[in-house]
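Reader: I would like to learn how to read the packing of helices and strands. Please take one feature at a time.

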Amino acid sequence: MHDLDEQERLILRALIRSPRAPENRIARETGVPVRSVRRKRQRLEERGVLKYYAAVDREGSPGEGGTTQHMVIIKFRLGVTRAQVEQEIREEPNVANVFSELIRDSYLAETDGHIALVMVVEGASDSDVTDSLQVQIIPSIRNNHGDDCIEEVRTMRVLGLIRREHNYLPAVNMEGARLAADWPDEAIYVG
């Protein structure tokens with residue numbers, strides 16, 4: 001956990017509320033001098049405490065190009081290491097390029113002493129997700145780690161998003177791409 005001073009907490013709350021806010025607006029809203037906002041924001045970014053990314057939400061109503069999502073857990077056999085899986089992700093062009101359209105989120109995990117991949121796989125339908133998993137994802141993993149590298153595969157259909165990144169509850173506190181203006185500061189988690 002990172003040690004944050006009070007000014008950093010104020011700056012982070014303002015950025016969580018509106019990630020693209022300019023420093024002068026953050027200074028005005030928080031009472032922190034604009035030079036301090038600029039310096040502290042840059043330091044938080046350099047330390048890896050503050051990260052930005054854009055997410056494309058492809059969920060929609062059926063018939064409107066919506067997707068279905070499945071949480072997939074691939075448990076590797078003993079002997080497949082975290083370093084091997086990370087190297088595959090870094091070095092295998094197929095993983096970096098092709099899978100970016102199939103896999104929404106992915107994590108390395110540990111289960112019962114085994115390394116596991118946990119991912120959210122998207123598709124136009126349940127059968128599309130199953131086909132992607134069986135035709136593209138699993139064969140690629142076996143190609144990189146051996147035919148016997150997978151001990152178990154578990155899947156579950158994801159029904160909907162509740163919370164993202166501690167603070168974002170799209171059905172509750174989001175208006176467009178920002179936290180709702182009336183969402184209280186004390187309900188914003190900064191760590």
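Reader: At what angle do helix α4 and helix α6 pack, and how far apart are their axes?

Author: This is a predicted model. Two packed helices are described by the angle between their axes and by the distance between those axes. Here α4 (residues 82-91) and α6 (residues 126-145) pack at about 115 degrees, and their axes are 11 Å apart. The crossing of α4 past α6 is right-handed.

Reader: Which residues of α4 and α6 meet?

Author: From α4 come Gln84, Val85 and Glu88; from α6 come Ser140, Ile141, Asn144 and His145. The residues of this contact comprise 2 nonpolar, 4 polar and 1 charged.

Reader: How do the axes of α1 and α2 cross?

Author: Helix α1 (residues 6-17) and helix α2 (residues 23-30) cross at roughly 120 degrees, their axes coming within 10 Å. α1 is therefore oblique to α2. In their contact, Leu10, Ile11, Ala14 and Leu15 of α1 meet Ile26, Glu29 and Thr30 of α2. That contact divides into 5 nonpolar residues, 1 polar and 1 charged.

Reader: In what order do the strands lie in the sheet?

Author: Strands of a sheet pair through backbone hydrogen bonds, either parallel or antiparallel. In this open sheet of 4 strands the order is β2-β3-β1-β4, with antiparallel pairing. β2 (103-111) and β4 (150-158) are at the edges with a single partner strand each, so one side of each has no neighbour in the sheet. From one strand to the next, the twist averages 20 degrees.

Reader: Which residue is the bridge partner of Ile74?

Author: The partner is Leu117 in β3. Strands β1 (residues 68-76) and β3 (residues 114-123) pair over 8 bridges.

Reader: Which strands does α6 lie across?

Author: α6 lies across β1, β2, β3 and β4, and runs at about 25 degrees to β1.

Methods: Residues are numbered from 1 along each chain as its sequence is written. This is a predicted model: local features need pLDDT of at least 70, side-chain atom pairs count only at pLDDT 80 or more; totals for chains, interfaces and linings use all residues. Side-chain values use heavy atoms; hydrogens and water are left out. Axes are lines fitted to C-alpha atoms, for helices over the stretch in contact, and angles run from 0 to 180 degrees between N-to-C directions. Helices (H or I, at least four residues) and strands (E, at least two) are DSSP runs, numbered from the N terminus. A crossing is left-handed if the near helix is turned anticlockwise from the far one by less than a right angle, and right-handed if clockwise. Contact means heavy atoms within 4.5 Å. Ala, Val, Leu, Ile, Met, Phe, Trp, Tyr, Cys and Pro count as nonpolar, Asp, Glu, Lys and Arg as charged, and the others, Gly among them, as polar. Angles under 35 degrees count as roughly parallel, over 145 as roughly antiparallel, 65 to 115 as roughly perpendicular and the rest as oblique. Two strands pair if DSSP finds at least two bridges between them.
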